[in-house]
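Open the model in your viewer and keep the sequence panel beside it. This tour tells you what to select at each stop and what you will find there.

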Amino acid sequence: MNRPRWNPDGTRVAHNVLVAGRTRVQVVPVRGGPAVVLTPAGESETLTGWVPDGSAVEVVRREGDAWVLRRRDPATGVAGELVATGVTAAARAPAGELFVVRTGVAGIWRPDAGGDKDRKSTRL
(Lines give C-alpha, C1' and ligand atoms only; values in the text may rest on other atoms or scores of the structure.)
Protein backbone atom coordinates (compact mmCIF):
# COMPACT_ATOMS: atom_id res chain seq x y z
CA MET A 1 0.00 0.00 0.00
CA ASN A 2 1.51 3.28 -1.14
CA ARG A 3 0.23 6.78 -0.25
CA PRO A 4 -2.95 5.61 1.51
CA ARG A 5 -5.69 8.24 1.81
CA TRP A 6 -8.81 7.77 3.95
CA ASN A 7 -12.08 8.97 2.48
CA PRO A 8 -13.84 11.67 4.53
CA ASP A 9 -16.33 9.31 6.22
CA GLY A 10 -13.65 6.74 7.10
CA THR A 11 -15.20 3.79 5.25
CA ARG A 12 -12.68 3.42 2.41
CA VAL A 13 -8.98 3.85 1.75
CA ALA A 14 -7.59 4.77 -1.67
CA HIS A 15 -3.95 4.04 -2.43
CA ASN A 16 -1.40 3.51 -5.20
CA VAL A 17 -0.41 -0.01 -6.18
CA LEU A 18 2.24 -1.16 -8.66
CA VAL A 19 0.82 -3.60 -11.24
CA ALA A 20 2.90 -4.85 -14.18
CA GLY A 21 5.27 -1.89 -13.85
CA ARG A 22 2.51 0.74 -13.79
CA THR A 23 1.19 2.77 -10.86
CA ARG A 24 -2.55 2.28 -10.50
CA VAL A 25 -5.08 3.57 -7.97
CA GLN A 26 -7.40 1.32 -6.04
CA VAL A 27 -10.00 1.76 -3.31
CA VAL A 28 -10.43 -0.74 -0.48
CA PRO A 29 -13.42 -0.90 1.91
CA VAL A 30 -12.17 -0.66 5.49
CA ARG A 31 -14.53 -3.33 6.84
CA GLY A 32 -13.59 -5.86 4.17
CA GLY A 33 -14.63 -6.62 0.65
CA PRO A 34 -13.00 -6.51 -2.75
CA ALA A 35 -10.69 -3.71 -3.81
CA VAL A 36 -11.81 -1.63 -6.79
CA VAL A 37 -9.02 -0.78 -9.23
CA LEU A 38 -9.82 2.67 -10.64
CA THR A 39 -7.03 3.02 -13.19
CA PRO A 40 -7.76 1.33 -16.53
CA ALA A 41 -5.51 -1.62 -17.42
CA GLY A 42 -2.32 -0.59 -19.18
CA GLU A 43 -2.49 2.99 -17.88
CA SER A 44 -0.63 4.71 -15.05
CA GLU A 45 -1.68 7.44 -12.61
CA THR A 46 -0.93 8.57 -9.07
CA LEU A 47 -3.44 9.24 -6.31
CA THR A 48 -3.38 12.69 -4.75
CA GLY A 49 -6.39 12.28 -2.45
CA TRP A 50 -10.16 12.54 -2.05
CA VAL A 51 -12.36 15.54 -2.79
CA PRO A 52 -13.77 16.97 0.44
CA ASP A 53 -17.22 15.37 0.09
CA GLY A 54 -15.79 11.92 -0.75
CA SER A 55 -17.58 11.70 -4.10
CA ALA A 56 -14.35 11.30 -6.09
CA VAL A 57 -10.63 10.72 -5.85
CA GLU A 58 -8.17 12.99 -7.64
CA VAL A 59 -5.30 11.56 -9.67
CA VAL A 60 -2.36 12.96 -11.62
CA ARG A 61 -1.90 11.28 -14.99
CA ARG A 62 -0.47 11.88 -18.43
CA GLU A 63 -3.01 12.56 -21.18
CA GLY A 64 -1.40 13.08 -24.57
CA ASP A 65 1.47 15.52 -24.08
CA ALA A 66 0.17 17.01 -20.82
CA TRP A 67 0.13 16.11 -17.14
CA VAL A 68 -3.36 16.61 -15.73
CA LEU A 69 -5.26 16.44 -12.47
CA ARG A 70 -8.48 14.49 -13.03
CA ARG A 71 -11.24 13.09 -10.82
CA ARG A 72 -12.38 9.45 -10.80
CA ASP A 73 -15.51 7.87 -9.38
CA PRO A 74 -14.32 5.78 -6.40
CA ALA A 75 -16.90 3.03 -6.99
CA THR A 76 -16.48 2.54 -10.74
CA GLY A 77 -13.24 4.25 -11.79
CA VAL A 78 -15.07 6.25 -14.45
CA ALA A 79 -13.06 9.35 -15.33
CA GLY A 80 -14.71 12.58 -14.30
CA GLU A 81 -13.91 16.26 -14.27
CA LEU A 82 -10.60 17.56 -15.56
CA VAL A 83 -9.52 19.77 -12.65
CA ALA A 84 -6.30 21.28 -14.02
CA THR A 85 -3.67 20.74 -16.69
CA GLY A 86 0.09 21.15 -16.44
CA VAL A 87 0.07 19.61 -12.95
CA THR A 88 2.64 17.13 -11.62
CA ALA A 89 1.44 16.99 -8.00
CA ALA A 90 -1.55 18.14 -5.96
CA ALA A 91 -2.79 18.18 -2.37
CA ARG A 92 -5.73 19.55 -0.42
CA ALA A 93 -5.50 21.56 2.78
CA PRO A 94 -7.60 20.31 5.76
CA ALA A 95 -10.35 22.78 4.80
CA GLY A 96 -10.43 21.34 1.25
CA GLU A 97 -8.56 24.06 -0.65
CA LEU A 98 -6.60 22.65 -3.60
CA PHE A 99 -2.89 23.36 -4.14
CA VAL A 100 -0.85 22.15 -7.12
CA VAL A 101 2.71 21.96 -8.44
CA ARG A 102 2.80 22.98 -12.11
CA THR A 103 4.94 21.35 -14.78
CA GLY A 104 8.14 23.33 -15.35
CA VAL A 105 7.12 26.22 -13.06
CA ALA A 106 8.59 26.76 -9.61
CA GLY A 107 6.37 27.17 -6.58
CA ILE A 108 3.04 26.02 -5.23
CA TRP A 109 -0.10 27.25 -6.97
CA ARG A 110 -3.79 27.55 -6.14
CA PRO A 111 -6.02 27.10 -9.23
CA ASP A 112 -8.43 30.01 -9.57
CA ALA A 113 -12.09 29.08 -9.20
CA GLY A 114 -13.87 29.09 -12.53
CA GLY A 115 -10.64 29.86 -14.36
CA ASP A 116 -8.99 28.36 -17.40
CA LYS A 117 -7.84 24.92 -16.32
CA ASP A 118 -4.68 25.34 -18.38
CA ARG A 119 -3.24 28.55 -16.99
CA LYS A 120 -5.28 30.47 -14.42
CA SER A 121 -3.80 30.07 -10.98
CA THR A 122 -2.27 32.12 -8.24
CA ARG A 123 1.31 31.52 -7.19
CA LEU A 124 1.72 31.33 -3.42
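**Before you start**

This is a predicted model, in which local features need pLDDT of at least 70, side-chain atom pairs count only at pLDDT 80 or more, and totals for chains, interfaces and linings use all residues. Residues are numbered from 1 along each chain as its sequence is written, and side-chain values use heavy atoms, leaving out hydrogens and water.

**Stop 1: colour by confidence**

Colour the chain by pLDDT, the predictor's confidence in each residue, from 0 to 100. The chain mean is 87, and 90% of the residues reach 70 or more. Now select residues 22–29, strand 3: among the elements of the chain, its mean pLDDT is the highest, at 96. Strand 12, residues 121–123, has the lowest, at 61. Strands here are DSSP runs of E, at least two residues long, numbered from the N terminus.

**Stop 2**

Two strands count as paired if DSSP finds at least two bridges between them.

Zoom in on strands 6 and 7. They run antiparallel and are joined by seven bridges. Move on to strand 8, residues 79–85, which pairs with strand 7 over four bridges, again antiparallel. Arg72 faces Ala79 of strand 8 across this pairing. Six residues lie between the two strands of this hairpin. Click Gly77 in the turn: its phi is positive, about 85 degrees.

**Stop 2: salt bridges**

How many salt bridges does the structure hold? There are nine. Each is a side-chain nitrogen of Lys or Arg within 4 Å of a carboxyl oxygen of Asp or Glu.

Show Arg61 and Glu43. Their closest N and O atoms are 2.5 Å apart. Arg61 is buried at 8% relative accessibility, while Glu43 is partly exposed at 27%. Buried means under 20% relative accessible area, exposed over 50%, and partly exposed in between, with a 1.4 Å probe and protein chains only.

Next, pick Glu45 and Arg72. This salt bridge spans 2.7 Å, N to O. It links strand 5 to strand 7 (residues 66–72), across 27 residues of sequence. Both Glu45 and Arg72 are buried.

Then take Glu58 and Arg71, a salt bridge with a closest N to O distance of 3.0 Å. Glu58 is in strand 6 and Arg71 in strand 7, so parts 13 residues apart are tied together. Arg71 is also the bridge partner of Glu58 in strand 7. Glu58 is buried at 1%; Arg71 is partly exposed at 22%.

Finally, select Glu43, Glu45, Arg61, Glu63, Arg70 and Arg72 together. Salt bridges with shared partners join them into one network.

**Stop 3: Leu47**

Centre on Leu47 in strand 5. Is Leu47 buried or exposed? It is buried, with a relative accessible area of 0%. Show its contacts (heavy atoms within 4.5 Å). Leaving out residues up to four places away in sequence, Leu47 touches several residues, including Arg3, His15, Val25 and Glu58. Draw a distance from Leu47 to Arg3: the C-alpha atoms are 7.5 Å apart, across 44 residues of chain.
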